[in-house]
Amino acid sequence: LLATVGTRSPEDGARNPLWLVDVADPAAPRDLGPLRDADGRALATARDVTVVGARAYVAAWVNGLWIVDFENLDDPARLDYEVVGHHTYAPFLRTVNSPAPGTHNAWPSADGTKLWVTDELVGEGVRVFDISDPANPVLLDFFNLGPRALPHNVVVQDDLAYLSHYLDGLRVLQLVNGEIVEIAARDTVGNHARFNPYRGAWGVFPLENHVLVGDTFGGLLVFEKGPALQTPSAKGV
């Protein structure tokens, strides 16, 4: 079973709904259609989805967050799901162009009780929600690097959140007593011009002993894990 993002729901015209595809036979994938809430509305404006176990965390841009629990994932004919949470929050900086959040990606903690969320809007940051009760997410803390800062993606491994932060490079965050603490950072931009906020660290992939960063200037950067993230051990384009 594949959870992806569709272009438009044919029934109600909802844009970019979360879409399911049966890939039991990869040569003949079968559409299962958009996911819908209890009122039958498609989960629209999906931007990204992270699936851990039988739960999907959907970053839905202006619609905030959707949290969905699945049953019978191994048998699409018996597949069932329930939308267990939907939360829309106020953006850090309300503007004419950004009156609502720009929820770009979401990643849960290892125990599934916390959810790290990025908004891909200039001046935004990363949020951590307590989702012990997924129907009522509670904001714990907000991390922001300034009015021109722009986060992209966050990936959580163990108790650390690895953040690709465009011109602000790679940041490593940790939740300590309910507050976000930055424990390491690496500049990935160097001497390149910093006038375009949508350049720099774009993708982040923590591995066992290394952290991979996809950077629009430097290509692939490979950092060794350590107290301050050592100089890249490999660099390519």
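Start by selecting Phe-70, which is buried at a relative accessible area of 9% (buried means under 20% relative accessible area, exposed over 50%, partly exposed in between, with a 1.4 Å probe and protein chains only). Before you click further: this is a predicted model, where local features need pLDDT of at least 70 and side-chain atom pairs count only at pLDDT 80 or more, while totals for chains, interfaces and linings use all residues. Residues are numbered from 1 along each chain as its sequence is written, and side-chain values use heavy atoms, with hydrogens and water left out.

**Stop 1: aromatic pairs**

What counts as a pair here? Rings of Phe, Tyr and Trp (its six-membered ring) pair if their centres lie within 6.5 Å; planes under 30 degrees apart are stacked, over 60 edge-to-face, and the rest tilted. By this rule there are four aromatic pairs. In one of them, the ring centres of Phe-70 and Tyr-81 are 5.9 Å apart and the planes sit at 50°, so the pair is tilted. The pair links distant parts of the chain, with Phe-70 in strand E6 (residues 65-71) and Tyr-81 in strand E7 (residues 80-87), 11 residues apart. As for the labels, helices (H or I, at least four residues) and strands (E, at least two) are DSSP runs, numbered from the N terminus.

Now jump to Tyr-166 and Tyr-198. This aromatic pair is edge-to-face, with 5.7 Å centre to centre and 70° between the planes. Tyr-166 is in the loop between E13 and E14, and Tyr-198 is in the loop between E15 and strand E16 (201-206), so the pair ties together parts that are 32 residues apart in sequence. Which of the two is buried, and which is partly exposed? Tyr-166 is buried, at 2% relative accessibility, whereas Tyr-198 is partly exposed, at 39%.

**Stop 2: the four-stranded sheet**

E12-E13-E14-E15 is the order of an open sheet of four strands with antiparallel pairing (two strands pair if DSSP finds at least two bridges between them). At the edges you have strand E12 (153-157) and E15, each of which pairs on one side only. From one strand to the next, the twist averages 25°; the axes behind such angles are lines fitted to C-alpha atoms, for helices over the stretch in contact, and angles run from 0 to 180 degrees between N-to-C directions.

Walk across it strand by strand:

- E12 to E13: five bridges, in the antiparallel sense. Select Val-154 and you'll find Leu-163 in E13 opposite.
- E13 (residues 160-164) to E14: another antiparallel pairing, over five bridges. Ala-161 has Leu-173 in E14 as its bridge partner. The hairpin has five residues between the strands, and Tyr-166 in it takes a positive phi near 45°.
- E14 to E15: antiparallel again, over seven bridges. Val-172 has Ala-184 in E15 as its bridge partner. This hairpin has two residues between the strands, and Asn-177 takes a positive phi near 55°.

Colour E14 (residues 170-176) by accessibility: the strand is mostly covered, with five of its seven residues buried.

**Stop 3: a nonpolar patch**

Switch to a surface view and select Val-176, Val-181 and Ile-183. Together they form a nonpolar patch on the surface, with about 190 Å² of accessible area. Patches are made of residues with over 30% relative accessible area and no salt bridge, joining like charges within 9 Å and nonpolar side chains (Val, Leu, Ile, Met, Phe, Trp, Tyr) within 5 Å. A salt bridge is a side-chain nitrogen of Lys or Arg within 4 Å of a carboxyl oxygen of Asp or Glu. The areas come from the Shrake-Rupley method with a 1.4 Å probe; for residues, only the protein chains shown count as cover. Val-181 belongs to strand E15 (residues 179-186) and is partly exposed, at a relative accessible area of 35%.

**Stop 4: Val-222**

Next, pick Val-222 in strand E18 (residues 219-224). Val-222 is buried, at 13% relative accessibility.

**Last stop: the three-stranded sheet**

Finish with the open sheet E1-E2-E3, whose pairing is antiparallel. Strand E1 (2-5) and strand E3 (30-34) are the edges, each pairing on one side only. Neighbouring strands here are turned by 30° against each other on average, direction ignored. Between E1 and strand E2 (residues 18-22) there are four bridges, and Thr-4 stands opposite Trp-19 in E2.
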